[in-house]
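Reader: I have a new structure open and would like to go through it with you. Can we start once it is on screen?

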Amino acid sequence: MEDTEPAPVRFAVGGPRTEAGKATSSKNATKHGLTAKTLVLPKYESVEEYEVHRAGIIAALAPTGALEAELVERVASITWRMRRVAVAETAAVAEAQKSAPLYSSNEETARVRSAIPNGSFGENVVRYEAHLQRQLATTLALLERVRLSFPAPAFSPSMESEGLRLLDP
């Protein structure tokens, strides 16, 4: 008898082959959007609402210069994603409340305990929220260091002639 190796098993490769198909299928598994690559989730969030959020952050932090502007954009992005975490957490708690059996005589305590998401989703929400909080703290600290290292230039009449005006306090 000859010693022959079995033929290799070949699996059919499925999935989209065009760029348009890949772009469409990349959104198939959106469940909570916590790790989404796109900033605004088209089916669930409004671009206009994000722009209002972004404008508010920019107005509050009043960046001067390109570096500060980049950091402030990052703050807007992080805080937008933090809102998404809150929405996902609220939805998870609401879902847990719907299916929560009550085993205690103290119904309110049992309801609260059963509403806390457990398992991988609940752990992921907590982990992702902590990650965003660290990113926000780091970005705000960096913004503060940039402002201390590169203070905004003092206003002069020549700046006004170049179209720059002092911001109202």
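This is a predicted model: local features need pLDDT of at least 70, side-chain atom pairs count only at pLDDT 80 or more; totals for chains, interfaces and linings use all residues.

Reader: How many helices and strands does the protein chain have?
Author: The protein chain has six helices and zero strands. Helices (H or I, at least four residues) and strands (E, at least two) are DSSP runs, numbered from the N terminus. Along the sequence the pattern reads α-α-α-α-α-α.

Reader: How much of the protein chain is buried?
Author: Buried residues account for 21% of the 169 residues. Buried means under 20% relative accessible area, exposed means over 50%, and partly exposed is in between (1.4 Å probe, protein chains only).

Reader: And what about contacts between residues at least 6 apart in sequence?
Author: Of those contacts, 66% join residues at least 24 apart. Contact here means heavy atoms within 4.5 Å.

Reader: Which residues have the most contacts inside the largest nonpolar core?
Author: They are Tyr50, Ile57, Val85 and Leu132, in a core of 16 residues. Helices H2, H3 and H5 (119-149) each supply at least two residues of this core. The largest share, seven residues, comes from H3. A nonpolar core is a set of buried Ala, Val, Leu, Ile, Met, Phe, Trp, Tyr and Cys residues joined through side-chain atoms within 4.5 Å.

Reader: Stay with tyrosine 50. What is it in contact with, leaving aside neighbours within four places in sequence?
Author: Tyrosine 50 is then in contact with Leu39, Val40, Glu73, Ala76, Ser77 and Trp80. Tyrosine 50 counts as buried because its relative accessibility is 7%.

Reader: How many aromatic pairs are there?
Author: The structure holds one aromatic pair. Tyrosine 50 and tryptophan 80 form it, edge-to-face, with 5.2 Å centre to centre and 80 degrees between the planes. Tyrosine 50 is in helix H2 and tryptophan 80 in helix H3, so the pair ties together parts that are 30 residues apart in sequence. Rings of Phe, Tyr and Trp (its six-membered ring) pair if their centres lie within 6.5 Å; planes under 30 degrees apart count as stacked, over 60 as edge-to-face and the rest as tilted.

Reader: Is tryptophan 80 buried or exposed?
Author: Tryptophan 80 is buried, with a relative accessible area of 3%.

Reader: New topic. How many salt bridges does the structure hold?
Author: It holds five salt bridges. A salt bridge is a side-chain nitrogen of Lys or Arg within 4 Å of a carboxyl oxygen of Asp or Glu.

Reader: What does arginine 84 pair with?
Author: Arginine 84 forms a salt bridge with glutamate 45, the closest N and O atoms being 2.8 Å apart. This pair links distant parts of the chain: arginine 84 is in helix H3 and glutamate 45 in the loop between helix H1 (19-25) and H2, 39 residues apart. Arginine 84 is buried at a relative accessible area of 5%, and glutamate 45 also counts as buried, at 18%.

Reader: What lies 2.4 Å from the backbone oxygen of leucine 39?
Author: A polar atom of the arginine 84 side chain does.

Reader: And arginine 83, what does it bridge to?
Author: Arginine 83 forms a salt bridge with glutamate 49, with 3.9 Å between the closest N and O atoms. Here arginine 83 is in helix H3 and glutamate 49 in helix H2, 34 residues apart. Arginine 83 is partly exposed at 42% relative accessibility, and glutamate 49 is partly exposed at 45%.

Reader: Which residue does arginine 54 meet?
Author: The side chain of arginine 54 meets that of glutamate 73 in a salt bridge (2.5 Å, N to O). Arginine 54 is in helix H2 and glutamate 73 in helix H3, 19 residues apart. Salt bridges that share partners join Glu51, Arg54 and Glu73 into one network.

Reader: Last one. What is the phi of alanine 62?
Author: Alanine 62 has a positive phi of about 40 degrees although it is not a glycine. Most residues other than glycine have a negative phi. Alanine 62 sits in the loop between helix H2 (47-61) and helix H3 (66-98), and is partly exposed, with a relative accessible area of 33%.

Technical notes: Residues are numbered from 1 along each chain as its sequence is written. Side-chain values use heavy atoms; hydrogens and water are left out. A polar contact is a pair of N or O atoms within 3.5 Å; within protein, one must be able to donate a hydrogen and the other to accept it, and residues adjacent in sequence count only if both atoms are side-chain atoms.
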